[in-house]
Structure formats: C-alpha cells, structure tokens
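Subject: Structure for you to look at

Hello,

Here is the structure I said I would pass on. Please open it beside this email and follow along; my notes come after it.

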Amino acid sequence: MHEYSIVQALLEQCESHAQEYKATRITRVILKIGKLSGVEPYLLQSAFDAFKEGGICREALLQMELQNLVLHCEACGEDSEQSEICYQCKQCQSTQVRAVDGEEMFLMRLEME
Amino acid sequence: MCKDCGCSIQDHDHTHQEGHSALHSNPQLNDAKTVEVITKILAKNAHEAGHNRAHFDAHKVLAINLMSAPGSGKTALLEKMAESGAFTFGVIEGDLETSLDAERIRAKGIPAFQIQTGSACHLDAFMVHKGLHEMPLDDLEVCFIENVGNLVCPASYDVGAHLNIVLVSVPEGSDKIEKYPVMFAKADLILITKTDLLPYFEYDIDHEKAQARRIKPNVDILAFSTKDEQSIQNVISWIKFKKSMRS
C-alpha cells in the first residue's frame with residue numbers, strides 16, 4: 001500500500017502549485033498513470049479521498065488517464081505503444097529499447113480558482 | 001546541495017516534459033483556470049535517487065537494489081557473497097521492524113546499516129540516503145540495498161541503485177513472474193533461488209524463464225542455491241562483470 005505515500009507527494013505538489021498561482025482551491029487534479037508505474041488507480045483514488053480533507057484539494061475531483069507502455073527503439077528509431085507488457089520493439093523486434101512513457105506517474109493539469 | 005555530503009548535484013533526471021507551466025507571465029488567477037503543470041508525482045524521490053547514484057559514482061561503488069517477496073533468500077545470498085570474499089561490499093537493509101538482517105550481515109564481518117521503515121512497505125531514496133552516509137564507501141566496491149520484502153511497492157521507487165536484482169524462490173510457485181510483471185520488468189537480473197528444492201515442488205523453471213523474457217526479452221536469469229557452489233560463482237561473475245563495465 002504505497003499509494004498513501006504517493007498521494008502525500010501529490011498533495012504537496014498541488015499545494016505548491018496553488019500557492020504559485022495564488023489559487024484558493026483546486027477543483028480538479030488530472031494525472032497520467034503509467035501501466036508500469038506499479039500503482040493501482042482504485043487505491044490511489046481512495047488514498048486521495050482520505051488525505052485531501054482540510055487541504056487545498058478538499059473539493060477536488062481526481063481524474064486518472066491510464067498510459068500504455070511506449071518504447072523508443074534504438075535500433076530502428078521508431079516509437080511504439082505496447083498494449084501488453086513487453087520490452088521489445090514491435091516494428092523490428094529489437095530489445096535495444098527504452099521506455100519513454102508508461103513507467104511513471106505524472107501530475108498533468110490542475111483546475112483551480 | 002546535500003547537507004550531509006556536500007554534493008552539488010541538483011536538477012538532474014529532468015525529462016523534457018517537466019517543469020513547463022502554461023502560465024508564465026501572470027500567475028494571478030482571477031477565474032477558474034486549467035494549468036498545465038506536468039511533473040512526475042515522485043519528482044522529489046527521483047531527484048534524491050539521482051543524488052544517491054551520483055554519490056555512489058563519486059566513490060566508484062556499484063549500487064545494487066535487491067528486491068523480492070519476504071523469505072526468498074536476499075539475506076542468504078548476501079551471506080554467501082560475504083563468505084566468498086570475492087569483492088568488498090556493504091549493505092543498507094530495509095525492514096519494517098528489527099535489525100535481525102543487519103546483524104546477520106555484520107556477523108559475517110560486512111558493514112551493514114539497518115533502516116526500520118515502520119509501516120512503510122518499501123524503501124525510498126531519502127531512506128537510502130541516510131544509509132549511504134553510514135557506509136564506508138571508500139573501502140567498498142559494491143553496495144547492496146536490501147529492500148523490504150514485497151513484490152509490489154518497491155518497484156515504484158527509484159532508490160538510486162545502478163542495477164536491480166529480483167529474487168523469486170522455488171517454493172513461491174511458478175506463477176509469480178506473470179502475477180507481478182511490474183516488479184520483474186524492473187529486473188536486470190532475475191535470480192531463481194532455492195533451486196535445491198526443485199525435486200520437491202511442481203516448479204517449471206523453463207516456463208518461468210519464458211514468462212520473464214516475454215516481459216523483458218533481454219533480462220539475465222540465473223538459478224541460485226546456497227548449496228550449489230557453481231551457482232554462487234555465477235552470481236559473483238555477473239556482479240564482477242557489471243562492475244568492470246563501470247570502472
């Protein structure tokens with residue numbers, strides 16, 4: 001259950017963005033969750049609902065967009081989106097690949113007032 | 001700058017996606033606004049992990065993160081590495097409670113620092129940072145970070161190691177790699193441990209290898225048993241090879 005530590009990091013970021021934009025409340029938090037980030041969206045949602053109380057996100061909706069793994073192939077130069085978890089280029093089958101998306105969690109956008 | 005070690009590494013590990021805000025000119029919000037922020041949620045951890053790696057690099061120490069379920073044999077592997085005397089190393093240990101693992105390692109004459117995570121199910125880069133300042137890095141070739149026994153949570157946290165070894169033992173049953181793909185996708189080396197028990201379990205080692213390579217076709221896989229001297233030597237050779245590729 002590391003979703004609680006992730007939500008704490010997320011809420012800290014929201015607070016500091018709200019301060020930067022002199023917002024009084026955040027109404028929507030939009031995340032991109034990589035399918036290989038090791039996070040369960042359902043648990044992230046419940047952790048967010050538990051921890052948002054009393055803070056800048058108290059009335060915020062959490063919106064999560066799931067991101068497939070995207071690989072860049074060093075051999076053929078192509079980027080490919082993987083519907084399954086597989087670290088191999090779909091075009092040329094090379095394993096000289098690096099993940100360019102789908103392994104991380106990003107805070108993408110905030111709606112605030 | 002790091003207060004402890006004076007390292008000046010700062011904003012490394014930034015991808016092109018980070019740090020761009022849509023509103024540069026006027027940060028004053030009068031109405032509801034949508035702001036593009038695009039930051040890694042674990043940006044602080046990633047920053048600290050980069051710092052840890054730079055710290056290991058400065059001391060020419062290869063850092064290896066050991067991850068597995070509880071009881072797969074992480075500490076037993078380290079005991080065998082200690083007995084071999086093949087290279088010098090220290091261990092940063094993570095457990096919810098007790099210093100039992102650090103004591104086992106120290107009993108072999110190896111420097112070990114225990115981090116008790118309390119209820120946290122994983123080590124993060126900040127915890128490891130504390131541990132690395134307790135390590136005599138100048139005297140070491142390798143530093144192992146023995147993560148909390150857990151096949152889920154540690155996969156999400158970069159702790160600042162150069163390589164990940166993920167262990168899975170024969171008695172756990174041959175479906176773990178399929179069930180925990182995120183963890184095994186992080187592995188540079190998968191160690192199938194307790195292979196001396198193969199005669200007593202329905203465990204299809206070839207199936208496991210195939211599953212691992214379906215996720216990551218180029219992953220290294222070794223069988224390991226504390227009772228098989230050759231298997232111990234194979235792990236030592238792998239670590240020494242990786243070390244030689246970074247010196």
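Against which elements of chain A do the buried residues of H2(A) pack? They pack against helix H1 (3-20) and strand E2 (61-67) of chain A. Keep in mind throughout that this is a predicted model.

Helix H2 of chain A

Helix H2 covers residues 41-51 of chain A, and its buried residues are Leu44(A), Ala47(A) and Phe48(A). Viewed down the helix axis, these buried residues lie within an arc of 100°, so they line one face of H2(A). Tyr42(A) and Ala50(A), on the other side of H2(A), are exposed.

Chain A as a whole

Chain A has 2 helices and 6 strands. Along the sequence they come in the pattern α-β-α-β-β-β-β-β. Of the 113 residues in chain A, 39% are buried. The radius of gyration of chain A is 17 Å, whereas a compact globule of 113 residues would have one near 13 Å. Along the principal axes, the C-alpha atoms of chain A fill a box of roughly 50 × 30 × 15 Å. If you take the contacts in chain A between residues at least 6 apart in sequence, 70% of them join residues at least 24 apart.

Chain A also holds an open sheet of 3 strands, in the order E4-E3-E5, with antiparallel pairing. Strand E4 (79-82) and strand E5 (97-101) of chain A are at the edges and have a single partner strand each, so one side of each is left without a neighbour in the sheet. On average, neighbouring strands of this sheet are turned by 35° against each other, direction ignored. Strand E3 (residues 69-73) of chain A pairs with E5(A) in the antiparallel sense, over 4 bridges.

Where the chains meet

How many residues does each chain bring to the contact? Chain A brings 32 residues and chain B brings 31 residues. On the side of chain B that touches chain A, the elements giving two or more residues are strand E1 (33-40), helix H6 (181-185) and helix H7 (205-215) of chain B. The largest share of that side, 8 residues, is from E1(B). By type, the residues on this side of chain B are 19 nonpolar, 6 polar and 6 charged.

Strand pairing also links the two chains: strand E6 (residues 105-112) of chain A pairs with E1(B) in the antiparallel sense over 6 bridges. Within this pairing, Leu107(A) has Thr39(B) in E1(B) as its bridge partner.

Chain B

Chain B contains 8 helices and 8 strands. Its 247 residues are 43% buried. Among its contacts between residues at least 6 apart in sequence, 70% join residues at least 24 apart.

Strand E2 (residues 62-67) of chain B deserves a look. Is this strand mostly covered or mostly open? E2(B) is mostly covered, with 6 of its 6 residues buried. In a regular strand, side chains alternate between the two faces of the sheet. In E2(B), Leu62(B), Ile64(B) and Leu66(B) point one way, while Ala63(B), Asn65(B) and Met67(B) point the other way, and all are buried.

E2(B) has pairings with two strands that you can trace. Strand E5 (residues 142-146) of chain B runs parallel to E2(B), joined to it by 5 bridges. There, Asn65(B) has Ile145(B) as its bridge partner. Strand E6 (residues 163-169) of chain B also pairs with E2(B) in the parallel sense, over 4 bridges. In that strand, the bridge partner of Ile64(B) is Leu163(B).

The last item is Lys243(B), which lies in helix H8 (residues 229-244) of chain B. Why does Lys243(B) count as partly exposed? It has 18 C-beta neighbours inside 10 Å, and a residue needs 20 or more to be buried and 12 or fewer to be exposed. Leaving out residues up to four places away in sequence, Lys243(B) touches Leu62(B), Glu141(B) and Val142(B). Lys243(B) and Asp57(B) are 186 residues apart in sequence, but 11 Å apart in space, C-alpha to C-alpha.

Regards

Notes. Residues numbered from 1 in each chain as written. Chains lettered and ligands numbered in written order. Predicted model: local features only at pLDDT ≥ 70, side-chain atom pairs only at ≥ 80, totals over all residues. Contact = placed C-beta atoms within 7 Å. Nonpolar A, V, L, I, M, F, W, Y, C, P; charged D, E, K, R; others polar. Pairing = 2+ DSSP bridges. Arc of directions from axis to C-beta. Axes fitted to C-alpha atoms, helices over the stretch in contact; angles between N-to-C directions. Rg over C-alpha atoms; globule rule 2.2 N^0.38 Å.
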